[in-house]
Amino acid sequence: MDWSLFLDFLDQAERLKCMTRHCTNSKGEPESVAEHCWRAALMAMLLAPELPEVDTGRVIRMCLIHDLGEAVTGDIPTFRKTEADEVAEEQAVDRLLRGLPEESRREFAALFAEMAALETPEARLFAVVDKLEAVIQHNECPISGWEELEYDLQRSYGQREADWFPQTARLRAEILRRTEEKIAAEAPEKAGLGV
C-alpha cells in the first residue's frame with residue numbers, strides 16, 4: 001500500500017464532511033454530504049434482516065462511496081441537477097479514483113457502474129435507501145426550509161424505487177404517513193394538497 005496515496009484520497013474524501021446538502025438536520029443546521037452517506041449506510045445495515053437475499057454489505061459500500069464526486073462538485077439538489085452536473089460529478093469520481101490502488105479502483109469503479117445500471121438487487125436497494133434517507137431527513141428538518149415544490153416531492157420522491165421491494169414499499173408508506181402528519185401540524189394550508 002502506498003500510504004501517501006491512501007492519505008491523499010482520504011484528504012479528498014474529507015471534503016464530504018464540509019460539503020452541505022440542500023436539507024438541514026433537525027436543529028436547522030446544514031447537513032453534510034458525509035452525514036447523508038453515513039445514515040444511508042446505517043439504513044442499509046438495518047434493512048439486512050428484512051432482505052436476506054440482498055448482499056447488504058455491498059449496499060453499505062455503495063452508500064459510503066456514492067457521493068464521492070460531490071467532494072469536488074458540491075451537492076446539487078435532485079430537482080436542480082442537470083445532465084451537465086451529472087457528467088461533472090462522474091468526471092470528478094474518475095479523477096478521485098485514479099489515486100487509489102488498482103484493486104480499490106476496480107472495486108469502486110464496479111460499484112459505481114452497478115449503481116448506474118440499477119440491474120442488481122443491491123443497486124436497487126441502494127437507490128431506495130439513498131432516496132428514502134433524504135425524505136426521512138426532510139421530515140426531520142424544520143418545514144420552514146422546504147421549497148414550495150418539496151411538498152409534492154416529499155410525498156412522491158423514491159416511491160417508484162421503494163416499490164421494488166415489498167419491505168421498502170411499507171417503509172415508504174410509513175414515511176409518507178409521517179410526512180402528512182408533519183405538513184398537517186406545521187403547514188396546515190398544504191395538507192391534503194399533495195399527489
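## Cysteines

Cys141 has a relative accessibility of 4% and counts as buried, since the cut-off for a buried residue is under 20% relative accessible area. This value, like every other in the report, comes from a predicted model. The closest cysteine sulfur to that of Cys141 belongs to Cys23, at 3.7 Å, which is too far for a bond.

A search of the whole structure returns zero disulfides. Cys37 is accordingly in no disulfide, and the nearest cysteine sulfur, that of Cys63, lies 8.0 Å away. Cys37 is buried too: its relative accessible area is 4%. A disulfide is a covalent bond joining the sulfur atoms of two cysteines.

## Fold and dimensions

The protein contains eleven helices and two strands. Read from the N terminus, the order of elements is α-α-β-β-α-α-α-α-α-α-α-α-α. The radius of gyration is 17 Å, close to the 16 Å that the globule rule gives for 195 residues, so the protein is as compact as a globular protein of that length. The C-alpha trace spans about 55 × 35 × 30 Å along the principal axes.

Of the contacts between residues at least 6 apart in sequence, 68% join residues at least 24 apart. Buried residues account for 42% of the 195 residues.

## Surface and charge

The accessible surface of the protein amounts to about 10400 Å², and carbon and sulfur atoms contribute 55% of it.

Strand S2 covers residues 30–32 and includes Ser32. Ser32 is buried, at a relative accessible area of 6%. Beyond its neighbours within four places in sequence, Ser32 is in contact with Leu16, Lys17, Met19, Thr20 and Arg21.

Helix H3 spans residues 33–47 and holds Trp38. Is Trp38 buried or exposed? Trp38 is exposed, because its relative accessibility of 53% exceeds the cut-off of 50%.

Ala84 is placed in helix H6, which runs over residues 83–97. With a relative accessibility of 57%, Ala84 counts as exposed. Ala84 and His22 are 62 residues apart in sequence, and their C-alpha atoms are 19 Å apart in space.

Leu118 sits in the loop that connects helix H7 (102–117) with helix H8 (121–140). Although Leu118 is not a glycine, its phi is positive, at about 55°. Most residues other than glycine have a negative phi. The relative accessible area of Leu118 is 27%, which makes the residue partly exposed.

## Helix H11

Helix H11 comprises residues 166–186, Ile183 among them. Ile183 has a relative accessibility of 0% and counts as buried. Which residues is Ile183 in contact with, leaving aside its neighbours within four places in sequence? They are Ile143, Trp146, Tyr151, Arg155, Pro188, Lys190 and Ala191. Ala117 is 66 residues from Ile183 along the chain, and the two C-alpha atoms are separated by 35 Å.

Glu181 is also found in helix H11. In contrast to the buried Ile183, Glu181 is partly exposed, with a relative accessible area of 47%. The C-alpha atoms of Glu181 and Asn139 are separated by 9.5 Å, and the two residues are 42 residues apart along the chain.

Definitions and conventions
Residues numbered from 1 in each chain as written. Predicted model: local features only at pLDDT ≥ 70, side-chain atom pairs only at ≥ 80, totals over all residues. Heavy atoms only, no water. Helix = DSSP H or I, 4+ residues; strand = E, 2+ residues; numbered from the N terminus. Rg over C-alpha atoms; globule rule 2.2 N^0.38 Å. Buried < 20%, exposed > 50% of the residue type's maximum accessible area, 1.4 Å probe, protein only. Contact = heavy atoms within 4.5 Å. Areas by Shrake-Rupley, 256 points an atom, 1.4 Å probe, with all protein chains shown as cover. Disulfide = S-S within 2.5 Å.
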